[in-house]
Amino acid sequence: MHWRTKGKAKKSYYDDCDLLQLVGTISKPPADPIERCYIAAHFKLHQASDWDNLGARLKFAFDWLTTRGYIADDGPHVIIEC
């Protein structure tokens, strides 16, 4: 994906999440970011996919959670792999 297209998609995703937070669908972040967490994700796939490709689908979500103060970082020292 071209970097400009990816940037627009990421901004759109962030805007959608910010709106969901504003209307109360997504709760506000904790006072202190979570230092260690386990995140489970369920994918509906039409064909088999590699694990690294599935993980890449969560990139925008992890980045949003980090930039908005929900989690301290999106690295493996914070997010426990499934």
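This is a predicted model: local features need pLDDT of at least 70, side-chain atom pairs count only at pLDDT 80 or more; totals for chains, interfaces and linings use all residues.
Modeller: Helices are DSSP runs of H or I with at least four residues, and strands are runs of E with at least two, numbered from the N terminus. Residues count from 1 along each chain as its sequence is written, and side-chain values use heavy atoms, without hydrogens and water.

Colleague: Which element has the lowest mean pLDDT?

Modeller: The chain averages 90, and 99% of its residues reach 70 or more. Helix 1 has the highest mean among the elements, 96, whereas the lowest, 77, belongs to helix 2 (residues 51–56).

Colleague: How far apart are the end C-alpha atoms of helix 1?

Modeller: The expected span is 1.5 Å times one less than the number of residues. For the 20 residues of helix 1 that gives 28 Å, and the end C-alpha atoms agree, at 28 Å.

Colleague: Which residue just after helix 1 takes a positive phi?

Modeller: Helix 1 covers residues 3–22. Just after this helix, a phi of about 95 degrees is taken by G24.

Colleague: Are the rings of Y13 and F60 stacked, edge-to-face or tilted?

Modeller: The whole structure holds 2 aromatic pairs. Rings of Phe, Tyr and Trp (its six-membered ring) pair with centres within 6.5 Å, and planes under 30 degrees apart are stacked, over 60 edge-to-face, the rest tilted. With centres 6.1 Å apart and planes at 45 degrees, Y13 and F60 are therefore tilted.

Colleague: How many residues apart in sequence are the parts that this pair ties together?

Modeller: Y13 lies in helix 1 and F60 in helix 3 (residues 59–67). The pair therefore ties together parts whose separation in sequence is 47 residues.

How values were computed: pLDDT is the predictor's confidence in each residue, from 0 to 100.
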